[in-house]
Amino acid sequence: MHESPEVLKTLAAELIGRVKAHGVTEADVMVAEGDSLSVQVRLAAVDRLSKAREKSLGIRVFFGKRSASASTSDFSEASLKQLVADTCALAKAVAEDETSGLPEQAAMATGVPDLDLYDPTTMPVEEAIDVAQRAERAALDVDPRMTNSEGAECDSSSGAVVLANTHGFLGYHRSSRFSLSVAPVVEGSDDQGMQRDYWYTVSRKRHELEDPESVGRTAAERTLRRLGARKVGTQRVPVIFDPETACSMLGHLASAVSGYSLYKGASFLLGQLGKPIALQHVNVEDNGCLPGKLGSRPFDGEGLPTRKTMILEHGVLSNYLLDTYSGRKLGMASTGNASRSIGDNPTVSPSNLFFHPGETSPGEIIQSVTQGLYVTELIGFGVNMVTGDYSRGASGFWIENGELAYPVEEVTIAGNLKQMFQDIESIGNDLVFRGKLASPTIRIREMMVGGH
Amino acid sequence: MPGLVKRFSLAQILMVVLSVEIMSEQVVPFEHFALEEREVEQALARVHVRAVDYADIYFESTISESVSMEEGIVKRAVKSIAQGAGVRATAGEKTGFAYSDDLSPRDLEIAADTARYIADSPQGDVPVPVTHRPVGTHNLYPLEQPLTDVATQERVDLLNLIDQEARRYDPRITKVMASINTNHKVMLVATTEGLRAGDVQPLSRLQVTCIAEEGSNRQVGTFGGGGRMAFSYYHEQDRALAYAREAARQAILNLDAVDAPAGILPVVLGSGWPGILLHEAVGHGLEADFNRKKTSAFSNLIGQRVASDVCTIVDDGTLPARRGSLNIDDEGTPTTRTVLIEDGILRGYITDRLNARLMGIPLTGNGRREDFRSLVLPRMTNTFMLAGTSEPEDILRSVKKGLYAVSFGGGQVDITNGKFVFSASEAYLIEDGQVTKPVKGATLIGSGPDVLKQVSMVGHDLQLDSGIGTCGKEGQSVPVGVGLPTIRIDEITVGGTSA
């Protein structure tokens, strides 16, 4: 279904020519297209099947220090002509912004490395249905109480993107993504009610998806173990985040070290660069050029090369995540973390952001706690990025004498992110990349658990 | 897990305004999408084979524009144009769906073939006439002047005034960020039942975020509003400037906030936006899809007590100009007012076509989709509790030691076990019936089928929120409203840090 790279590149180059004719001083253009297939199966029957083809293009123009952006999915001549005219008019309505502009020409990526992000395998509908059915069946077969399900979903998508600018940069890359998830429901005895959990596998390559039966069984085990969950008393205890929930700590770190949060004064890590914000054993890396990984890309949203950037090095906040604009605001160079949605200004996002693994096994971390909470799910938005104040809903397991004693739900955990990073006492050896953010199990010295 | 987020992102905001021509209300011709009626009929016929119960094609064209200000200058303007069609066929519980941003007859046919795939039967040859059957009598958001007639310059000027107003409020306000998003959607749905219905749906929102600084103490405050109204709404009654002062006030107030308490406490919720409680605690759990699948904590509870007898809760898509209102839903069903809970007893679910048909219950006009790329799901519109009889002051006075929460960030719910959270962004301690110190934000957590049984007093001061809510479900965002009178919850867990 894809247009050839040449067709997309020609369109992008042609648009650059069009906007130049309108007298812009600088501009960039993004053109993207993609196909996707999504199959959802519930209780063995096909519940939903959806297929899509999408395309979109975006332009950003500069008249000196004034700029505006626009996007459209209509590639007709009339639409493009209107889009270019409207965007140029819009740019003239906004104020001059001294910081605005494309990256320096010398900083642009000079080549497009092959990061092994594309698998041309197409997944036939029948195969996607089969994979989803097998995963769900495996989950429901684990226990007779697994009688219901939110379903199993198997998705595949692939897409291509071209970025071109008035510096002469013209980059093209394509990528693919395959995923499978299952969300079974278990019905316990009357006083236990129902519980739902899930498990998933996601990868850029079809053959790297985990086997459907194993995904289903893991989902079932995660769901079953929640039966009979209860509240615990309000108390201050050690808190362990499992790898899934620990990734949320990386998410908060990524927003706090984003150049945009920093120059807007909206980060709890303002003024902390070069200072220890965690213990010596804590290392966090952002790396956009790891082959085959979900957060990798050959160039960023402005056409700069991606790279490895240490965010925390032996506990010291060593770098921010920056694009050109936010870097200029802070007097620093971009770290190649510009992220773009079509037709919008760049913003900053992490590529593959992960804690370096430690030496301790997750089992040993749990054993190290006498009384505490092992968190497997977090809900809500109770995080204040300006102050670091943190209060979220949690569920998981109560730890008693180094063992998971019983499931817990309807509790909150609260603290402050600044303190929570200082309090990362253990980092597990169980680092697995399951998305852009990846974390081993981590132990926080102490947080307030709110219950009854 | 669905949730409601007050979309105040410090980072950046999506876009907005419309610039397609405004059609007369509810009559959107296929020509708007450069298609002829015959082409739409052919696509519907192609998808409507014997095993297909129902099929529809949804056409959409949306133009959005966003203008935003920070550091005292309006530096960003973003415009986006999206158009496309989604084709859906249902057969029993199965749904086949395809969409394309190309509107050519060939693309419609490819989409129809994909949607039909689930019916697992050969192509039919019976043409389906698409007759024009008018629906609905609502005209909830008549705009005399298209939002696009509002010059970018007028929006820029308003943002500049907001910046000055917020800074004038207090010298400790050091950063002001504001944005105006306008969005104009033209939709048209044609079904195999012969329905053809369209609507023009304007939407806008203005939001302001302030940061206050005092020494190393930095705090944030946010406020905003909007709906399906003309741009002049922000000028009337000085609303835009009032939003600026409110955001500034919250930021300054938080400079003095003390640690929030942890544990079970009585909580008084203020009127308006705290209605997010209803959206999370009961609203999502009463969406028909979860109940048909029996994966909701509210499954099989119709007719049973799920709240105290002072609680009556409705979902109402028919309120003029509100953010959550619609003339028709995305399946062409006129919106309605649905009683969810009456005097504490669970009365009904909110439905879309598929789930209403499978469950044998009425259509409520709640079949909504984010855009042509998304499948219709049962979704809330404006969800609120009806006013009671208590004086708000008496409700506060009744609490010896507790929390008074008046503004919230967002919330989220786990449908299956019913546990929900919502996070306060402005709250105070109540000590001996008096509102005392402001406390830091804290998350409140409870269980949907239980929490409303703890509501012992309901004020007479029902208010709807100012028009800022965006609800997320299965990755789709739709605008919604909430509302609440002042209420007292006898016991709920508060997730502060102070013992």
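Which residue in β3(B) is the bridge partner of B:Ser68?

What we have is a predicted model, in which local features need pLDDT of at least 70 and side-chain atom pairs count only at pLDDT 80 or more, while totals for chains, interfaces and linings use all residues. Residues are numbered from 1 along each chain as its sequence is written, and chains are lettered from A, with ligands numbered from 1, in the order in which they are written.

Let me begin with strand β2 of chain B, residues 54-70; strands here are DSSP runs of E of at least two residues, helices are runs of H or I of at least four, and both are numbered from the N terminus. Of its 17 residues, 16 are buried, so β2(B) is largely enclosed by the rest of the structure, where buried means that 20 or more other C-beta atoms, placed from the backbone, lie within 10 Å of the residue's own. This strand runs antiparallel to β3(B), joined by 17 bridges, and two strands count as paired if DSSP finds at least two bridges between them. The bridge partner of B:Ser68 in β3(B) is B:Arg76, and the two strands form a hairpin with 2 residues between them, where B:Glu71 in the turn has a positive phi of about 50°. β2(B) also pairs in the antiparallel sense with strand β5 of chain B, residues 173-191, over 14 bridges, and there B:Glu60 has B:Met187 as its bridge partner.

Turning to the interface, 69 residues of chain B are in contact with 65 residues of chain A, contact meaning that C-beta atoms, placed from the backbone, lie within 7 Å. On the chain B side, the element that gives the most is strand β3, residues 73-91, with 12 residues. Strand β3 of chain A, residues 66-72, runs parallel to β3(B), and 4 bridges join them; A:Thr72, for instance, has B:Ile81 as its bridge partner.

Within chain A, the assignment gives domain 1 (5-223) and domain 2 (229-452), with bounds that come from an automatic or database domain assignment. Their C-alpha centres lie 24 Å apart, and the contact takes 28 residues from domain 1 and 24 residues from domain 2.

Finally, helix α3 of chain A, residues 125-140, has buried residues including A:Val131 and A:Leu140, and the buried residues of α3(A) pack against β1 (26-42), β4 (148-165), β5 (170-187) and α4 (212-224) of chain A.

How values were computed:
Contact = placed C-beta atoms within 7 Å. Buried ≥ 20, exposed ≤ 12 C-beta atoms within 10 Å, placed from the backbone.
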